[in-house]
Amino acid sequence: MARKFKKVDGGHGHHGGAWKVAYADFVTAMMALFMVLWLLASTDQQSRKEISNYFRTGLLPQGDLAMNRAAQFAPSVFQEAPTPPPPGEETIDSRVEAAKQLAGRLNRLSAIDSELSEVARNVHIEVVPSGVLIEVVDEARGLLFDLSSAKLNEPLERFLRALGPALATLGQPIEINGHTDARPFANGTRTSNWDLSYLRAAAAREILEGSGVSTKQIIGVFARGSSQLYMPNEPFAPQNRRLSILIQIAKNADTKLATNDAARPN
């Protein structure tokens, strides 16, 4: 019996499209590689540091990398205790946690408050040896203060009212510092930068106390004048006009020492 064979045209037809998928993956990987190389080449050291900080903490920076410079309260310095702490003592990690807690709360609030978001562009939260430092820096746009005026403008008041409950929740002692630039008052004027910085800090205290911060929690209101410039090389820069709030987070050993000193008879 004669066998019948069916002729099949296109002998390579069953190779399929697998090679196309592999080629597409290769092209995608190359594009990703080129984008990473381009980002590394086009960003400065500070931006690379902020990107690294984002992957480490999950917080966007408050600087140029923040989307549309939206309100991102990110602690700018994270430190770790070099050795395990003694039992019962608070460490630098508790300060980082406090900073992240503040950042998260203020981010959520600023996301729904455009005026608060405007102030947030110039809010810096930093972990320092004595606790957590919050600095609200002026930008010469009338958001914080009018020039030479002790009155806090509404955007700054709104920020302080939002910050108050967060500080009250932490329950740690705080001190409020007023700062000015180095521009002197006119001759014959009885007001000085010392007076101005104190009046601004005192006004901030009243708002914080009205927003839930206990009177006992505030351990000091200080006039710094132009003695601690934010931009030392530009003494007249508006960024030197600011409020700073230090949240003191001390080790238990320090607290015990202070208690013993207070109890010791003179």
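User: Which strand holds Leu 133?

Analyst: This is a predicted model, where local features need pLDDT of at least 70, side-chain atom pairs count only at pLDDT 80 or more, and totals for chains, interfaces and linings use all residues. Residues are numbered from 1 along each chain as its sequence is written, and side-chain values use heavy atoms, with hydrogens and water left out. Helices (H or I, at least four residues) and strands (E, at least two) are DSSP runs, numbered from the N terminus. Leu 133 belongs to strand β2.

User: Is Leu 133 buried or exposed?

Analyst: Buried means under 20% relative accessible area, exposed over 50%, and partly exposed in between, with a 1.4 Å probe and protein chains only. The relative accessible area of Leu 133 is 18%, so Leu 133 is buried.

User: Which residues does Leu 133 touch, leaving out those up to four places away in sequence?

Analyst: Contact means heavy atoms within 4.5 Å. Beyond four places in sequence, the partners of Leu 133 are His 124, Ile 125, Glu 126, Val 128, Ser 244, Ile 245 and Leu 246.

User: What is the relative accessible area of Gly 131?

Analyst: Gly 131 also sits in strand β2. Leaving out residues up to four places away in sequence, Gly 131 touches Arg 95, Glu 126, Ile 247 and Ile 249. Gly 131 is buried, and its relative accessible area is 0%.

User: How are α5 and α6 oriented to each other?

Analyst: Axes are lines fitted to C-alpha atoms, for helices over the stretch in contact, and angles run from 0 to 180 degrees between N-to-C directions. The axes of α5 and α6 come within 8 Å and cross at roughly 55 degrees. Angles under 35 degrees count as roughly parallel, over 145 as roughly antiparallel, 65 to 115 as roughly perpendicular and the rest as oblique. The two helices, α5 and α6, are therefore oblique.

User: Which residues in α6 meet α5?

Analyst: The α5 side supplies Glu 157, Leu 160, Arg 161, Gly 164 and Leu 167. Their partners in α6 are Ala 204, Ile 207 and Leu 208.

User: How far apart in space are Glu 157 and Leu 208, C-alpha to C-alpha?

Analyst: Glu 157 is in helix α5. Glu 157 and Leu 208 are 51 residues apart in sequence. In space, their C-alpha atoms are separated by 9.1 Å.

User: What percentage of the residues in the protein is buried?

Analyst: The protein has seven helices and five strands. Its chain counts 266 residues, and the buried share is 36%.
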